[in-house]
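Here is a short briefing to read with the model open beside you.

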Amino acid sequence: MRLLGVLGRVEALKAVKRPAFWVTVGVFAAFTTIANFAPGGGSERAGFPDAWRGIIEPAINLGPVFLAALMILLFAPEFRWRTARQNVIDGLSKEQFYWAKVLLLAGLAALFFVTSLVIGTLPFVLDPGGGGSAFIEPMDLNYMLGFVVALLLWGTAGLMISALVRAAGAGLGLLFLYFICEQIVTALLSSRWSALERFFDYLPGQLFQTITDSTLYYPEVLARTNAARAERGQDLLVYPELWILLVAAAGYVVLFLGLAHVNMRRRDL
């Protein structure tokens, strides 16, 4: 445990000295603030617990993307700069260097999550407004859990790509290219073979879109959405059980961490 604490402090010190850290976190905080404070946007002003959906919704769509980008910007350049090799020369093993990056990812995920909630609840500190009988509902907690899983899904993807590609520019390009290509390929194949759609729903990009959609967590939102779709003659939205989607996403998290770990052990730094 002491070693993990040391590794965590080292990664924190390295991160805060990088302009990429402050720029990425600052831009994310700015977007989140605008989404919550802009007229007609962000948090519902009815008070808690109704406000949670409006607080989480902007952050759950932005946060994971910013986290993946920041993970790549902080991790991948260490191979080109030879700081990864220097860390091992100075006494770290490859295993310890890998776990240091996992700790970095966990810290960044916590930072984005907490920043989102702090900024989102600030309007209610300044203007409390009304509220319900409860501060938070189970469906709000589920939405927060989905946010955490979404952060880890993109974050571990960024960690894996950093370990594989070892260049920030190429890593960012590969990450976004994959998700764009996944959308295009699945759309083309689904138009020809509709039976494949249920399998495509569990690809990383499709899964991310599902677990970040508020209609999955709030029955009243799903009811309104399906009513509008029925009026337009569209198929109604039907989701699998939430736990199935979260377990599938967690499986990708484990897979990405495992691939990064194997790559770190077998390749020279």
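How do the residues of the lining of the largest pocket divide into nonpolar, polar and charged? They divide into eight nonpolar, six polar and four charged residues. Please keep in mind that this is a predicted model.

**The largest pocket**

- The largest pocket holds about 530 Å³ of space.
- Its lining consists of 18 residues, and those lying nearest the centre of the largest pocket are Glu197, Phe200, Asp201, Gln206 and Thr210.
- Helices α8 (168-192), α9 (197-200) and α10 each give at least two residues to this lining.
- With four residues, α8 provides the largest share of the lining of the largest pocket.

**The second largest pocket**

- For the second largest pocket, the volume is about 160 Å³.
- You can find its lining by selecting Ala157, Met160, Ile161, Leu174, Leu175, Tyr178, Phe179, Pro204 and Phe256.
- By class, the lining of the second largest pocket has nine nonpolar residues, with no polar and no charged ones.

**α7 against α12**

- Helix α7 and helix α12 (residues 242-266) have axes that come within 9 Å and cross at roughly 20°.
- An angle under 35 degrees counts as roughly parallel, so α7 is roughly parallel to α12.
- The crossing of α7 with α12 is left-handed.
- On the α7 side, the residues that meet α12 are Asn142, Leu145, Gly146, Val149, Leu152, Leu153, Thr156, Ala157, Leu159, Met160, Ala163 and Leu164.
- On the α12 side, the partners are Leu242, Leu246, Ala249, Tyr252, Val253, Phe256, Leu257, Leu259, Ala260, Asn263 and Met264.
- Sorted by class, this contact of α7 with α12 has 19 nonpolar, four polar and no charged residues.

**α7 against α10**

- Helix α7 (residues 138-165) packs on helix α10 (residues 204-211) at an angle of about 155°, and their axes are 10 Å apart.
- Angles over 145 degrees count as roughly antiparallel, and α7 and α10 are therefore roughly antiparallel to each other.
- These two helices, α7 and α10, also cross in a left-handed way.
- From α7, the contact uses Gly146, Val149, Ala150, Leu153 and Trp154, while α10 brings Pro204, Phe208 and Ile211.
- Seven nonpolar residues and one polar residue make up the contact of α7 with α10, with no charged residues.

**α10 against α12**

- The angle between α10 and α12 is about 135°, with the axes 10 Å apart.
- That angle is therefore classed as oblique for α10 and α12.
- α10 passes α12 in a left-handed crossing.
- Pro204, Leu207, Thr210 and Ile211 of α10 meet Leu245, Leu246, Ala248, Ala249, Tyr252 and Phe256 of α12.
- The contact of α10 with α12 has nine nonpolar residues, one polar residue and no charged residues.

Terms used
Residues are numbered from 1 along each chain as its sequence is written. This is a predicted model: local features need pLDDT of at least 70, side-chain atom pairs count only at pLDDT 80 or more; totals for chains, interfaces and linings use all residues. Side-chain values use heavy atoms; hydrogens and water are left out. Axes are lines fitted to C-alpha atoms, for helices over the stretch in contact, and angles run from 0 to 180 degrees between N-to-C directions. Angles under 35 degrees count as roughly parallel, over 145 as roughly antiparallel, 65 to 115 as roughly perpendicular and the rest as oblique. A crossing is left-handed if the near helix is turned anticlockwise from the far one by less than a right angle, and right-handed if clockwise. Contact means heavy atoms within 4.5 Å. Ala, Val, Leu, Ile, Met, Phe, Trp, Tyr, Cys and Pro count as nonpolar, Asp, Glu, Lys and Arg as charged, and the others, Gly among them, as polar. On a 1 Å grid over the protein atoms alone, a cavity is a set of points where a 1.4 Å probe fits but cannot get out, and a pocket is an open set with protein on both sides within 12 Å along at least five of seven lines; lining residues have an atom within 4 Å of a point. Grid points are joined across faces, edges and corners, and a volume is the space filled by probe spheres set on the points.
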